[in-house]
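Here's a quick tour of a single-chain model, written to be read with the viewer open.

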Amino acid sequence: MASLNSGGIIKPIDHTTVHRICSGQVVLTLAVAVKELVENSLDSGASTVEVRLKEYGSDSIEVSDDGSGISPSNFENLCLKHYTSKIEEFEDLLSVQTFGFRGEALSSLCALSTLGVTTCEKGNTIGWKLEYDSHGKLVKQVQYSRQPGTTVSLVNLFSTLPVRHKEFLKNLRREFVKMTNLLTAYCLISKNTRITCTNSTGGRTSTILSTRGGANLKDNFILVFGLKSWQNMLEIKAVRPSEEIVAEFNLNANVLQNELHDWPFQFEGFVSSCAHGQGRSCADRQYYFMNGRPCDPSKIQKLVNEVYHLYNRNQYPSVVLNITTQSSELDINVTPDKRQLMVVNEKILLAMVKVSLNDLYSEVPCTFTLQNTSLFNRSLSPSLESVGSSSHRLRSSLAAFAASGWKPSSPSCSPGEKRKCSSPTLKQKRLDEFTSHSISPLLKKTKVDFPIPEVKTESCPAVEGTLIFTNVKQLTKGNTKEIMEPNEVNDESILELEKNEDIQIIETTSAEVKVIETLEELECVLEDVLTPSADPKVFSRARITVPFDLNSLIEKKRSLLDLPNKTTDKMFLARIGPDDAAFAEAELSRQISQSDFEKMEVIGQFNLGFIIAKLNSDLFIIDQHAADEKYNFEILQRATRLQPQKLVCPKPLNLTAANESLLQDNLDIFQSNGFEFVINRDEDSTKRVLLCAVPMSGNWLLGPSDIDELLFMLQDSPLIQDEDRSKVSHASMARFRPSRVRAMFASRACRKAVMVGDSLTSIQMTKLLHQLSELQHPWNCPHGRPTMRHLINIDAVL
């Protein structure tokens, strides 16, 4: 831009340049180009839409429909900028019902490719073939025989923008997968409309997507993803937010309608069950719509995943959700691709989504609410009711013991008499017989430490702060050996008591040993002994303060060595600590190169677990175990090809058409991970691929969920177009590994690595440092443990 100071003149940009600039902002990707053409077909009332691509869209794109067609009176204005039949003025945006409304798509596509149109209006017997120039002006019009409807073809997309065209060809597979995912959304939401997508490459045509015009979301979902995927889906129903949710989102409860049908939002859709194994390994199957318009509501997406992870932390849900509201409540004119929407009363929408999912998942089997309620009938004092306290844990344990059938023995004999106090023989109960008892989940191994006064009697040794379960027969014989040590009353001890028929619960008192015959007596004793003392003992320790100043120590050192005061620029500012891990790793990756590891000088080994190394004036501490583990891990990642285990019967995968195509294009990646397939190209789409072998190594067995994860990785970061696919490279093998394979490699690398406590020679430590120079990411082991940290700069200290 020329500045005013340099004498530049402000003047308007010519229309040709403006047209090219704006067109490049409207159509950014292959997915947007196809989306605009499909939306025009759906707006025309078509019942059939066909998308045909050649060489993944790099050669040509063709979208054909059987809609209303184009009237000859509109031929001249069809591809002109901002010419449309959808709206007439800005206020019409508040009530627009069509996908398109700005009149920019066809004009922009003319500027980015060679555009041609064939059309026949309904009711006419003659069609027309039209050609337009880069400015959207009609240059050729001839009669053409065809059925009613319209076909728009694009040739050499982005050819007028050299940089974008080069990037488009480089990432062609990624662009194609994104286009397919975007088109899937229209296949799901378009009712009574048949949509198909085919791709022709190398003289072979394959079907990528195909629907048969389902009447509702359920029918379309089954047609796109298969009946097996539908079996795990639950219907989402709008639920009125509870008071807690209303308070969480800071809503005014007074303005909320009492009747649900009066609320501004209604739901239509489905979500995966939260039961284990019913979700997906990645968030690749989530589709959201507002009034039937595909969109990307980031806040809703985040909320749905967060709620799902409360019930299933290891997976992601499949989501198809159409939110309906009044058109005046939406602003759809936010971004050029119309995927971002602004919603009035967004907090109400988020609250409804959250409470609806919570209400839905609360009914799923194997999900329940823990309630830590005591089994004692008597109400306890507030000081003794705290969950997690020693008293609460002991009461819960005793209550569970009592509920399982324990009965106190007859109090006909005194503790001093030699007798046999027996309780009825207990029959082992089955697990389902305990379901009527609300047993607290806090019945865990725990030590009891109650403040009990010191007691010393002839029949009982001095015990401080302990409740003792002891055998009465042994006590009367003069044997003071206890069944369990003090401060070790737990669940296992309760079970031991249950097995012993000669057990009584006793309490140590200041004068005598008292037999507790009932739970009520035990509770009274507990209330007495657990009440905190009014005058607790206070212990104090002597403290000595030693003055210390690091700066004074450094100055004293300088004076002894007669060194001049100097300042050194610090390259490493991060401290060693969990909170500074990200900062420290960023510093190391910025300051340390791979060749620097070979230049490091080994100073020695510290604490049989760490290597102290020096590079110039900087000292580093290297974790010997983490460093060796990361080296072993990356070697396994790059070089290991998992061996397949043949299946007796090939297993159908029921992949989507897009994922089928993606799998066939990257068979080498799956084979390197131990998967083998049988591909029948004559079958219908989504039924062509059968799994015939899975990787198996030791106790690790992979399956279809790992295939889904690999497909998601390939969608997000596909192989480079020019990469040799005949033999997968080491770098690609390291990139595309399922998470369970990575976990297996991490476990093996850990067991094989040098351990903490191993004494290393200077040669061994030098070898570990040199190994780090061969790694792509040497800063953390696969379990997240840091491999090295900066200690100190010698010049900055001296």
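## The nonpolar cores

The largest nonpolar core holds 62 residues, and L115, Y132 and M179 have the most contacts inside it. A core here is a set of buried Ala, Val, Leu, Ile, Met, Phe, Trp, Tyr and Cys residues joined through side-chain atoms within 4.5 Å; buried means under 20% relative accessible area, exposed over 50% and partly exposed in between, with a 1.4 Å probe and protein chains only. Helix α5 (residues 172-189) supplies the largest share of this core, ten residues. Skipping residues up to four places away in sequence, M179 touches L30, A31, V34, L53 and C197, where contact means heavy atoms within 4.5 Å.

There's also a second, separate core of 40 residues, with I87, V246, L251 and L303 among its members. In soluble globular proteins, nonpolar side chains tend to be buried together.

## What you're looking at

This is a predicted model, with local features needing pLDDT of at least 70 and side-chain atom pairs counting only at pLDDT 80 or more, while totals for chains, interfaces and linings use all residues. Residues are numbered from 1 along each chain as its sequence is written, and side-chain values use heavy atoms, leaving out hydrogens and water.

The chain comes to 25 helices and 26 strands; these are DSSP runs numbered from the N terminus, H or I of at least four residues for helices and E of at least two for strands. Of its 798 residues, 44% count as buried. Take the contacts between residues at least 6 apart in sequence: 70% of them join residues at least 24 apart.

## Helices α18 and α23

Now turn to α18 (residues 624-639) and α23 (residues 739-752), which pack at an angle of about 135° with axes 8 Å apart. Axes are lines fitted to C-alpha atoms over the stretch in contact, and angles run from 0 to 180 degrees between N-to-C directions. So α18 is oblique to α23, given that under 35 degrees is roughly parallel, over 145 roughly antiparallel, 65 to 115 roughly perpendicular and the rest oblique.

On the α18 side, the contact is made by H625, D628, E629, N632, F633, L636 and Q637, and on the α23 side by R742, F745, A746, R748, A749, C750 and K752.

## A look at F610

F610 sits in strand β20 (residues 610-615). Its relative accessibility is 26%, so F610 counts as partly exposed. Leaving aside neighbours within four places in sequence, F610 contacts G604, Q605, I621, I622, D623 and Q624.
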